[in-house]
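Keep the structure open while reading.

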Amino acid sequence: MSDARSAPSDCLIVGAGPAGLTAAIYLARFRLRVEIVDAGKSRAALIPRTHNHAGYPGGIPGRELLSLMRKQASEFGASARAGLVERIERRGELFIARIGDETLHARAVLLATGVVNNSPRMAPEIHDAALARGLLRYCPICDGYEVTDKKIGVIGSRARGHNEALFLRMYSRDVTLIAPEGGHTLSKEELVELKKAGIVLRDGPCAPLRIEGETILVPVPGETLAFDTVYPALGSVIRSELAVMLGAEATEDGCLIVDAHQRTSLPGLYAAGDVAKGLDQISHAMGEAGVAATTIRNDLAAKQPLLR
């Protein structure tokens, strides 16, 4: 909302997914000067239709939800611009963000950069088609209900694969856990749990997945498995490098550690959504963003009265 590009904004928001846009709506309505820079990689845009986001009977496609949120933010003067924030530095009381040859200055920064799913081996165009048709899914919390009584494959190993297979078992009796590379490396206790639940184990490595009719095929040594849907339990890459380069504390896997008000370990730097440690859900990201935006407003006001 800043009219002068040379003047520092009150807050730079990096990322225009559900968390970033929710924060933008709050901050703009607090009458703060907001800059939003988005690289166009929100995971929410990949959701064919979410059914567990309250207020949308019948569900809503991820792209449509983001479009509505952008429109709502723009009503209050906060518009997201395309760009990649390559680096953030701290200079005195200001943050300096580098976007190509451009530099933005801000009194506070909110990272809402999210995560990137690790996908199984398959051609990109096949991956996208499978995702759009519900043959490939990444979030059993989001859409496990939609695969009730279906034939489900889970590609994963160790605790991550074990836990996801057991979670999905409450929706279907037909669950197979496939090791992505070689054999399973599970504890005796985990093997017992899976056996009791009736979950079938198959060793990898998995050849590239492909689509055949209404099924998705997972080739493994000696056979090709067919499923109604496959869940990759292969982890994700946390987009926290901008904060980590500044020295912010993060978990071993890269999630930013925040306090109850979404503050990172660095004063003036906040995080909301999947980049922060917590539940990777749209509703949770939006709740964190509301908390973060209100905290940003209050922290800025404590330094300097927000008079207009």
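In this predicted model, four strands form an open sheet in the order 10-9-8-14. Their pairing is parallel. Strand 10 (200–202) and strand 14 (229–233) stand at the edges. Each has a single partner strand, so one side of each is left without a neighbour in the sheet. Neighbouring strands of this sheet are turned by 25° against each other on average, direction ignored.

Follow strand 14 to its partner. Strand 8 (residues 152–156) pairs with strand 14 in the parallel sense, over five bridges. Within that pair, V230 of strand 14 stands opposite G153.

A second open sheet holds three strands, in the order 11-12-13. Here the pairing is antiparallel. The edge strands are strand 11 (210–212) and strand 13 (223–227), and each pairs on one side only. On average, neighbouring strands of this sheet are turned by 40° against each other, direction ignored. Strand 11 pairs with strand 12 (residues 215–220) over three bridges, in the antiparallel sense. R210 has L217 in strand 12 as its bridge partner.

**Two hairpins**

Strand 4 (residues 87–91) and strand 5 (residues 94–99) run antiparallel and are joined by five bridges. They form a hairpin with two residues between them. R91 has its bridge partner in strand 5, at L94. G92 sits in the turn, with a positive phi of about 65°.

Strand 5 then pairs with strand 6 (residues 102–111). This pair also has five bridges and runs antiparallel. Strand 5 and strand 6 form a hairpin, with two residues between the strands. I99 is bridged to E102 in strand 6. In this turn the glycine is G100, with a positive phi of about 65°.

What holds such strands side by side? Strands of a sheet pair through backbone hydrogen bonds, either parallel or antiparallel.

**Helix contacts**

| Helix pair | Angle between axes | Axis distance |
|---|---|---|
| Helix 1 (residues 18–29) and helix 2 (residues 62–74) | roughly 20° | within 9 Å |
| Helix 1 and helix 8 (residues 282–303) | about 35° | 8 Å |
| Helix 5 (residues 158–169) and helix 6 (residues 188–197) | about 20° | 11 Å |

Start with helix 1 and helix 2. Their axes cross at roughly 20°. That makes helix 1 roughly parallel to helix 2. The crossing is left-handed. On the helix 1 side, P18, L21, T22 and I25 make the contact. Helix 2 contributes L66, M69, R70, Q72 and A73. By class, this contact of helix 1 with helix 2 has six nonpolar, two polar and one charged residues.

Helix 1 also packs against helix 8, at an angle of about 35°. In which hand does helix 1 pass helix 8? The crossing is right-handed. From helix 1, the residues in contact are P18, A19, T22, A23, Y26 and L27. They meet I282, A285, M286, A289, G290, A293, T294 and I296 in helix 8. Sorted by class, the contact of helix 1 with helix 8 has eleven nonpolar, three polar and no charged residues. P18 and T22 of helix 1 take part in the contact with helix 2 and in the contact with helix 8.

The remaining pair in the table is helix 5 and helix 6. They pack at an angle of about 20°. That makes helix 5 roughly parallel to helix 6. Their crossing is left-handed. A159, H162, A165, L166 and R169 in helix 5 meet E190, E193, L194 and A197 in helix 6. What classes do these residues fall into? The contact of helix 5 with helix 6 divides into five nonpolar, one polar and three charged residues.

**The disulfide**

How many disulfides does the model contain? The count comes to one. C139 and C142 form it, with their sulfur atoms 2.3 Å apart. The torsion about the S-S bond of C139 and C142 is about 70°, so the disulfide is right-handed. A disulfide is a covalent bond between the sulfur atoms of two cysteines.

Key
Residues are numbered from 1 along each chain as its sequence is written. This is a predicted model: local features need pLDDT of at least 70, side-chain atom pairs count only at pLDDT 80 or more; totals for chains, interfaces and linings use all residues. Side-chain values use heavy atoms; hydrogens and water are left out. Axes are lines fitted to C-alpha atoms, for helices over the stretch in contact, and angles run from 0 to 180 degrees between N-to-C directions. Angles under 35 degrees count as roughly parallel, over 145 as roughly antiparallel, 65 to 115 as roughly perpendicular and the rest as oblique. A crossing is left-handed if the near helix is turned anticlockwise from the far one by less than a right angle, and right-handed if clockwise. Contact means heavy atoms within 4.5 Å. Ala, Val, Leu, Ile, Met, Phe, Trp, Tyr, Cys and Pro count as nonpolar, Asp, Glu, Lys and Arg as charged, and the others, Gly among them, as polar. Two strands pair if DSSP finds at least two bridges between them. A disulfide is a pair of cysteine sulfur atoms within 2.5 Å.
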